[in-house]
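Reader: I would like to go through the terms used for this structure and see what each one rests on. Please set the values against the cut-offs.

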Amino acid sequence: MTYTSALLRLLDERGYLHQLTDAEGLDALAAKQVVPGYIGFDATAPSLHVGSLVQIMLLRRLQQTGHKPVVVMGGGTTRIGDPTGRDESRKMLSDEAIEANIASIRTIFERFLTFGDGPTDAVMVNNHDWLGKLGYIELLQQVGTHFTINRMLSFDSVKLRLEREQPMTFLEFNYMILQGYDFRHLARAMGVRLQMGGSDQWGNIVNGIELTRRMDGEEVYGVTTPLLTTADGAKMGKTAAGAVWLNDDALPAYDFWQYWRNADDRDVGKFLRLFTDLPLDEIARLESLEGSEINAAKVVLANEVTRLCRGEEAARAAEATAAATFAGGGVGKDLPELDLPAAGIGLIEALVGIGFAASRGEAKRLIAGGGARVDGEGIADEGFHIPGGVEVRISAGKKKHGVLRPIPA
């Protein structure tokens, strides 16, 4: 389909579109007026990770094409937990922890969006503000009548849990009802006409569209993005050492930069389109590079994404650290660090402590496979002891490097 609105043309050209509930209707609406659109984010941790970056960029694209991004923080739904893609119930958080997480997560969005009171300025709202006031009897009478158990049991988030014989609480079962109610509330209170999300949210988005239509007769729309995995099939945002967090205090800028620098050659073009603002013709040039030249494109990718998420200074420092580490064999100032006790530390403990291995077993496998080095020398002895008193460079494979710094006396 050829789109007339700048919004859908941009989303189509850069690879964001997977499913649309009414492509022609949304295209016509976006071509003639400002469309407020939202994405919901639950506040289960103080930071989002790279797996949420496509959705953050969707809101950025919305604003770039003259529309209004609405960031919905799930202060209410976090208290329940989205069962989508999960085999067990989510751990309950206190009200104080949820509020602290929301405040921390907001700092991420402030890097990607312009907030304010203008017609296309972004706003952040908390669904606890309306869900927390919703009476149970009111919910049953006004909303519950529009949902059938038959339909709810057909959704993958429920069906997969039951097929695996994993318990699903009544609390979680209500998540899809409350998410549908979010869309209806936002449409009435703020004129929101669009909900966006990952492909796993399709059922929840359709629920909200149908509920809004049935209760208010309002036409609203939904868009989902493709399931995003790396070329080797791995889920975005996860590494052996853990999640790739977006917040500065959750993951050092160098580690964040290095995640993108280590992208598979086959992913470079896709990632440049999704996660940077570079022009498409420049992206086409970069992804056409072959052999060792593709590494230059990876550096551009790492710099551009880090600049957006962490700032210009962080991107430059990370690149400089990488150059010093890889080209000169030195120790860049932004490499991950671990305190080195005066009595020294075991190699296994050092690999786990600095985050290069998620467990002692993984560290042992790394050593056995010849991937562990201390000051550039390969170490095959899992009982190797690193002496204290001097600064030591530790490496895992060719791409992970860190520094053990003596603890001051």
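Author: Contact means heavy atoms within 4.5 Å. Helices (H or I, at least four residues) and strands (E, at least two) are DSSP runs, numbered from the N terminus. This is a predicted model, in which local features need pLDDT of at least 70 and side-chain atom pairs count only at pLDDT 80 or more, while totals for chains, interfaces and linings use all residues. Residues are numbered from 1 along each chain as its sequence is written, and side-chain values use heavy atoms, with hydrogens and water left out.

Reader: Which residues of α3 meet which residues of α13?

Author: By that contact rule, Leu 53, Val 54, Met 57 and Arg 61 in α3 meet Arg 273, Leu 274 and Phe 275 in α13.

Reader: Why are α3 and α13 called oblique to each other?

Author: Helix α3 and helix α13 (residues 268-275) pack at an angle of about 50°, and their axes are 9 Å apart. Axes are lines fitted to C-alpha atoms, for helices over the stretch in contact, and angles run from 0 to 180 degrees between N-to-C directions. Angles under 35 degrees count as roughly parallel, over 145 as roughly antiparallel, 65 to 115 as roughly perpendicular and the rest as oblique. The pair α3 and α13 is therefore oblique.

Reader: What makes Leu 7, Leu 8, Leu 10 and Leu 11 a face of helix α1?

Author: These are the buried residues of α1 (residues 6-13), where buried means under 20% relative accessible area, exposed over 50% and partly exposed in between (1.4 Å probe, protein chains only). Viewed down the axis of α1, the buried residues fall within an arc of 160°, so they line one face of the helix. The arc is that of the directions from the helix axis to the C-beta atoms. Their cover includes β1 (19-20), α2 (23-32), α3 (53-64) and β5 (194-198).

Reader: How do you know that Glu 110 and Arg 106 form a salt bridge?

Author: A salt bridge is a side-chain nitrogen of Lys or Arg within 4 Å of a carboxyl oxygen of Asp or Glu. For Glu 110 and Arg 106 the closest N and O atoms are 2.9 Å apart, so the pair meets the rule. The two are four residues apart in helix α4 (residues 95-112), separated by about one helical turn. Glu 110 has a relative accessible area of 43% and is partly exposed; Arg 106, at 28%, is also partly exposed.

Reader: Why does the bridge between Asp 216 and Arg 188 tie together separate parts of the sequence?

Author: Their side chains meet at 3.9 Å, N to O. Asp 216 lies in helix α11 (residues 202-216) and Arg 188 in helix α10 (residues 175-190), so the pair ties together parts 28 residues apart in sequence. Asp 216 is partly exposed at 30% relative accessibility, whereas Arg 188 is exposed at 56%.

Reader: How many salt bridges does the rule give?

Author: The count comes to 19. Arg 213 and Glu 219 form one, with the closest N and O atoms 3.3 Å apart. Bridges that share partners also join Arg 60, Arg 61 and Asp 277 into one network.

Reader: What makes β9 and β12 the edge strands?

Author: The open sheet of five strands has the order β9-β15-β14-β11-β12, with mixed pairing. Strands β9 (337-340) and β12 (377-378) each pair on one side only. Two strands pair if DSSP finds at least two bridges between them. Strand β11 (residues 372-374) and β12 have two, in the antiparallel sense, and Arg 373 stands opposite Gly 378 in β12.
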